[in-house]
Protein chains: 4
Amino acid sequence: MCRWVAYTGAPILLEDLIIKPKDNLIQQSLHARAPRTPTNGDGFGMGWYDKQPNPGLFRSIRPAWNDLNLLDLAAHIESPLFMAHVRATSLATIQETNCHPFRYKQWLFVHNGQIAQFDLMRQQLLAKIAPKYFANILGSTDSEVMFHLALTLGLEEDVPSAIAAMVREVEATAKESGVNEALWMTLGISDGRNLWGFRYGSDGKGPTLYISPGMEEINRINPEIARKLGRFAACLVSEPIGNYQDTWKLIPEQSHVFIGGAHIQMSEFNVKE
Amino acid sequence: MCRWVAYTGAPILLEDLIIKPKDNLIQQSLHARAPRTPTNGDGFGMGWYDKQPNPGLFRSIRPAWNDLNLLDLAAHIESPLFMAHVRATSLATIQETNCHPFRYKQWLFVHNGQIAQFDLMRQQLLAKIAPKYFANILGSTDSEVMFHLALTLGLEEDVPSAIAAMVREVEATAKESGVNEALWMTLGISDGRNLWGFRYGSDGKGPTLYISPGMEEINRINPEIARKLGRFAACLVSEPIGNYQDTWKLIPEQSHVFIGGAHIQMSEFNVKE
Amino acid sequence: MCRWVAYTGAPILLEDLIIKPKDNLIQQSLHARAPRTPTNGDGFGMGWYDKQPNPGLFRSIRPAWNDLNLLDLAAHIESPLFMAHVRATSLATIQETNCHPFRYKQWLFVHNGQIAQFDLMRQQLLAKIAPKYFANILGSTDSEVMFHLALTLGLEEDVPSAIAAMVREVEATAKESGVNEALWMTLGISDGRNLWGFRYGSDGKGPTLYISPGMEEINRINPEIARKLGRFAACLVSEPIGNYQDTWKLIPEQSHVFIGGAHIQMSEFNVKE
Amino acid sequence: MCRWVAYTGAPILLEDLIIKPKDNLIQQSLHARAPRTPTNGDGFGMGWYDKQPNPGLFRSIRPAWNDLNLLDLAAHIESPLFMAHVRATSLATIQETNCHPFRYKQWLFVHNGQIAQFDLMRQQLLAKIAPKYFANILGSTDSEVMFHLALTLGLEEDVPSAIAAMVREVEATAKESGVNEALWMTLGISDGRNLWGFRYGSDGKGPTLYISPGMEEINRINPEIARKLGRFAACLVSEPIGNYQDTWKLIPEQSHVFIGGAHIQMSEFNVKE
């Protein structure tokens, strides 16, 4: 099981959210207790938007908690919109190109979950990716394939429709390979202006996804953030962080959340055409 | 341009061939002078056979010359049949899964050269790999695709035929993508008993491939080897090593060399069916 | 807290002990549950003796569980005497030169424990190391300093005396810095023929150290070992491994164990002169 | 021989100077042709000042030319004052803690050159470092020792005096060890406001150090810089970069250059007390 956070709001240092709060992503990665994936030490990544046209990316196969470069970068890079991800896997190889976020032009993509028995359908799914996106595939994860399939299916035009189409494509391909209820995911996606989150499971039970509570509570995540945040900020997280974890709001199963223009909009994520 | 060596003969330490001779692979990697690829610092790998059923593999993205683990391993691993490879690329990402040798069960594969404009046909070539071999693909190089395509086309039964079929397949796919004379390669392949070398270029001009001269000269590569070697030993190298470089024999264009049972057999490599 | 194993006996593959038994070192490293050091992901190392004059060394700052090279090497390197170590630290930097074992000529050294407030006395302790050994210090750990101090104090001539002298030196230096009861350690040391283990704490409470039970039980650690082991084999481990953990014998506090010539000798470790 | 650049002026992206100009630091690192150190592939580092109290640091043991993180960071980090360094060594181990710049609080330090036979005097020099700075020493290079010795000798109060005292200390210690004319160096030092450069050799022949020419020429290093630079900018480089290399000014032997408050001041570097 992987873990991720995404933030949008006034510019803060990446460490304000990733490193400093209680039970932050790095802490979580050290203490993970799920039976088959006891620690998230299989790679870290963060992507951030600044005034450059495309987001910056830092990915490392060192465990997050012992990567001096990561600690330094998080203490110096400030951004109004960023994502970070820690990976735990017994599946795809540990290499930087398998670390999230994945990037295509101005797009960033993080994923928690998996395609069941991905090995059985990896080749078929790869064949369905449009050639213009294919050259951007450098690793061997299901996550990267899902992202590029979504791009192929129109992510650059309409995010929720493309994600729904990707889900249908994956589920159909899985069914052909004899795998039912193949998909289990939360996704975080951004184009540098907006942030989309998805929670979905083929069997109706996706991994958890939380959204930060109101500004009052978000200000308490980290006392140093409080004075930086303006009137609006929001986070999506795979698991709550900070001192007041029970104030975080669990996003319902099969949901889609859109955060843009200082507004949050939650809706059902219906993959049916 | 990459560089590689393959050895078969009495067991020697890997360092006897890779590290200690004058102008060895590591030295070559530091001093490479080809205009567009000035140094072979983009990954190292070595594969060796011992009494285990499948060969061992050590691959590293550090430059060979500063990898303490590599130096130590080469000084302690002894083998009667091994390959080593240094990589130089401005193309596929630097990651261990892109380092040679590639391995499938008891097979090892090293490659120098390239498929011209591989990006244009990578997806099509991947689609042609048999599913049973596909799961073994973890990186993003043309070399790994060539190996798995050859496996698909019967490498486990008949090496030269499978390599010829792979060449035809690559050239046909390239032609469809508008690329003529796409392939430029030397290959080293082993199943743990025999060693195959290939030199080929679509335009008749493959990269260089040399075979070691007689035992007298091979004993002079490294004085420490001399007492270890028995009556037969042979090396294939992309460029001569040791003090007496002009004694190495250049393998002719479009050739295939087979080394097995202490015999060397050189023949034309004809890709036509 | 670090973890280590040392083995002496008939030649076995390193993986027979390090990777394959239940609750092996790698598994332990993933599941560590001590409150302040939740996982041993801060570096791995193994050192082994073969027919070369000095032992081989492989050290890596990747977590052991995701290091493909480690898994491959452990499956191919066979040795009658070897050590392996997983590191967990919030102290000295994560770098290969801080990974155990440390090596000097034919000597290997692993350590679990620590010198309390080592920062206060690191410079003084470094100044006490004989110049001939000083050049071999490449990292920044207390462990490496302890090894080279022991070398300075005669390790090459008399292991237990040198370790006792090292303990006195560290405790005296600590006292000058205002630190009482500074030392807490288990040590594994070898010269390629014999194996020494030490368990010591300045306050009488060192970390745990176990020795393997009789041959019958050791054969059950890993069914594949059984047919390889001859009449004698022994392991020292920081924590029991294998299916029958309660058969391992806890070495008493303040003890010294010597394994040589197929004999095991346990004695009090008295640091007083 | 190492290579380094230091920049002060209007904020620019690190890549504007490190990656984009012709014959930039990365290119130089690939094509280095000095006989004994044929390539600068032994580690890279960059340190930059921003609005945080202390500078950021990114250091990597991958060759600069194949480090995707480096390329991305250099394309996103903007700074009015930064340094970058590529390392070539056959001496101290390749590890991040041996990469430049070295940092202490707000200070950054880069070095090219060496202390001859440093091994003979490393222990004595370490003993001369004030305890308050000693804990900051994590690697094994002569450069790091020189920096911390200079800190001990007053770098935080008076840079040129402390560097002169450090030189005297090193030369005296070397002489005791029977090494004459031990020091050969260029240094770049900053406190986040000012930039100091030094060129020195015990025998009067230090490595080269160049300063950028006037604004007209500096604007031509990289057409994209031109519109960013204001009225003042200056670089120190071990070797000229950009298209108009002969416009760079060689700093004379035994010199000290100070760049602060948009002024450049060059003076003799006299180490005599």
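This is a predicted model: local features need pLDDT of at least 70, side-chain atom pairs count only at pLDDT 80 or more; totals for chains, interfaces and linings use all residues.
Q: How many of the residues of helix H6 (residues 142–152) of chain A are buried?
A: The buried residues of H6(A) include A:Asp142, A:Ser143 and A:Glu144 as well as A:Val145, A:Met146 and A:Phe147. A:His148, A:Leu149, A:Ala150 and A:Leu151 are buried in H6(A) too. The helix is thus described as mostly covered, and the number of its 11 residues that are buried is 10.

Q: Which residue just after H6(A) takes a positive phi, and of about what value?
A: Helix H6 of chain A spans residues 142–152. Just after H6(A), the residue with a positive phi is A:Gly154, and the angle is about 105°.

Q: What area is buried between chain A and chain D, and which residues of chain A lose the most area to chain D?
A: The interface brings 21 residues of chain A into contact with 21 residues of chain D. The area buried between the two chains is about 1700 Å², of which 42% comes from carbon and sulfur atoms. On the side of chain A, three residues together account for 32% of what is buried there, and those that lose the most area are A:Asn69, A:Asp72 and A:His76.

Q: How many residue pairs are in polar contact across the interface of chain A and chain D, and which element supplies the largest share of the side of chain A?
A: The rule finds 18 residue pairs in polar contact across this interface, counting pairs with both residues at pLDDT 80 or more. Strand E3 (56–60) and helix H3 (68–74) of chain A each supply at least two residues of the side that touches chain D. The largest share of that side, 4 residues, comes from E3(A).

Q: How do the residues of the side of chain A that touches chain D divide into nonpolar, polar and charged, and how many salt bridges does the rule find across the interface?
A: The residues of the side of chain A that touches chain D divide into 8 nonpolar, 5 polar and 8 charged. One of the salt bridges joins the side chains of D:Glu78 and A:Lys51, at 3.0 Å from N to O. Across the interface of chain A and chain D, the number of salt bridges that the rule finds is 6.

Q: Why does the salt bridge of C:Asp72 and B:Arg103 join two chains, and how far apart are the closest N and O atoms?
A: C:Asp72 lies in helix H3 (residues 68–74) of chain C, whereas B:Arg103 lies in strand E5 (residues 102–104) of chain B, so the pair joins two chains. C:Asp72 counts as buried at 13% relative accessibility, while B:Arg103 is partly exposed with a relative accessible area of 25%. The closest N and O atoms of this salt bridge are apart by 2.8 Å.

Q: Which residues of chain C is B:Asn69 in contact with?
A: B:Asn69 is found in helix H3 (residues 68–74) of chain B, and at 8% relative accessibility this residue counts as buried. Leaving aside neighbours within four places in sequence, B:Asn69 is in contact with B:Phe58 of chain B, and in chain C with C:Leu57, C:Phe58, C:Arg59 and C:Glu96.

Q: How many residues apart in sequence are the parts tied together by the salt bridge of B:Lys128 and B:Glu169?
A: The side chains of B:Lys128 and B:Glu169 meet in a salt bridge at 3.1 Å, N to O. B:Lys128 lies in the loop between helix H4 (122–127) and helix H5 (131–134) of chain B, and B:Glu169 in helix H7 (residues 159–176) of chain B, so the pair ties together parts whose separation in residues is 41.

Conventions. Residues are numbered from 1 along each chain as its sequence is written. Chains are lettered from A and ligands numbered from 1 in the order in which they are written. Side-chain values use heavy atoms; hydrogens and water are left out. Contact means heavy atoms within 4.5 Å. Buried area is the accessible area (1.4 Å probe) that two parts lose on being put together, summed over both. A salt bridge is a side-chain nitrogen of Lys or Arg within 4 Å of a carboxyl oxygen of Asp or Glu. A polar contact is a pair of N or O atoms within 3.5 Å; within protein, one must be able to donate a hydrogen and the other to accept it, and residues adjacent in sequence count only if both atoms are side-chain atoms. Ala, Val, Leu, Ile, Met, Phe, Trp, Tyr, Cys and Pro count as nonpolar, Asp, Glu, Lys and Arg as charged, and the others, Gly among them, as polar. Buried means under 20% relative accessible area, exposed over 50%, partly exposed in between (1.4 Å probe, protein chains only).
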